[in-house]
Amino acid sequence: MSKELLKWYDLNKRDLPWRMTKDPYKIWLSEIMLQQTQVTTVISYFNRFVDAFPSVEALALATEEQVFKLWEGLGYYSRAKNLIRCAHKVVTDYHGKFPENIEDLLKLPGIGPYTAGAIASIAFDKPEPAVDGNVLRVVSRLYCLSEPINESKHQALYRQKTMALMTDRPSDFTQAMMELGAMVCTPKGPSCSSCPLIEKCCSFKSKKQANFPVKVKKVKQREELIGIAIVVSGQQVLLMKHNNTGLLANLWGFPRVLLDETALDSLEKQMESHLEMEFDFQPEYSHSIVGKAHVFTHIKWNTILFFFHTDDKISSEMPLLEWVYLKDITSKALPTALKKQLVIIDDEIDRMQNAIR
Ligand code: SF4
């Protein structure tokens, strides 16, 4: 299969300026420019850039203004900023020579697993996989892989499948896979009749090319503003056990309420009303602060911590409620969304108690 792929590549590859060289600087430059940008757009930018800065040392000496001027129109200025940072690091830490191994490449600004694999294989002929969107599409169709390509837990599988095809010409192999994805195994209507992998392609044989690659639809995340009541009495704090349904089923936590920023009642009033209605309880309000946000799969909680104190303890016989010593809170099964608030809560309770004294 790989031999057929390379044969096809030798005959059909496009003459792109970064294919005329093995200079890691130019390979790196082209890979950064090609992120989110079409090949046809990149060609002229690449040529102008290389004319102005023929080496990584020259780029490291350039001002941000000079680089941004040449980058104008390519968008995503964070790429240009990382380009400058990376050039500086290569010059100062690696004496102007790009490292050859993946571990060191990954330490450079703006270089992730894909770009590291591309530089290692294309410039240094190392058998490292470089798996971009094109390669993911080819591999998923070739093997009928139904694991979604946009879930990070499956990246290892796709890298492994790509590696299984690796040849003794890693540089050409990487470029051939990308070229095949870009020119033949295109997202819509792949030209299977011109494909060197047709004989072995699972999705072609089963006529299911359109079913691959599989992508999971990103669930739209909803944001909620959650009020959390920290009610303190002496050295104890009020905890409640959540019932067996919902996000925090069966876990312990603090009384909480979904706040409505558009309501007439202030947020503090909404929290107080919740305590009163839910537990027939009116502790004395002290203050509130913004807590840490927490992201569940499809909900983001922005939190406000409301601090109260009371001498008049609510009965702990009330189902699902318990007064717990501050030092013992962590012995309860608390959800991460609340555990991450504990440091703030500890400090604030200290402040509150000092103020009361
Ligand atoms: Fe893609 Fe068709 Fe080639 Fe299979 S045969 S890899 S679907 S172009």
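Which backbone oxygen does the side chain of Gln 341 reach at 3.2 Å? In this predicted model, the backbone oxygen is that of Ala 337. Residues are numbered from 1 along each chain as its sequence is written, and side-chain values use heavy atoms, with hydrogens and water left out. Local features were considered at pLDDT of at least 70 and side-chain atom pairs at pLDDT 80 or more, while totals for chains, interfaces and linings use all residues of the predicted model.

The chain is assigned domain 1 (2-211) and domain 2 (222-356), with bounds taken from an automatic or database domain assignment. A distance of 50 Å separates the C-alpha centres of domain 1 and domain 2.

Gln 341 lies in the loop between α14 (336-339) and α15 (342-356); helices (H or I, at least four residues) and strands (E, at least two) are DSSP runs numbered from the N terminus. Gln 341 counts as buried because its relative accessibility is 1%, where buried denotes under 20% relative accessible area, exposed over 50%, and partly exposed the range in between (1.4 Å probe, protein chains only). The side chain of Gln 341 also reaches the backbone nitrogen of Lys 292, at 2.8 Å. A polar contact of 3.4 Å links the side chain of Gln 341 to that of Thr 303; such a contact is a pair of N or O atoms within 3.5 Å, where within protein one must be able to donate a hydrogen and the other to accept it, and residues adjacent in sequence count only if both atoms are side-chain atoms. Thr 303 belongs to strand β7 (residues 299-309) and is buried, with a relative accessible area of 3%.

Arg 85 is located in helix α6 (residues 77-94). With a relative accessible area of 51%, Arg 85 is exposed. The side chains of Arg 85 and Asn 82 are joined by a polar contact of 2.7 Å. Between Arg 85 and Lys 126, the separation is 41 residues in sequence and 25 Å in space, C-alpha to C-alpha.

The ligand is surrounded by residues that include Arg 141, Cys 185, Cys 192, Phe 204 and Gln 209, each having a heavy atom within 4 Å of the ligand. By class, this shell comprises 8 nonpolar, 2 polar and 1 charged residues; Ala, Val, Leu, Ile, Met, Phe, Trp, Tyr, Cys and Pro count as nonpolar, Asp, Glu, Lys and Arg as charged, and the others, Gly among them, as polar.
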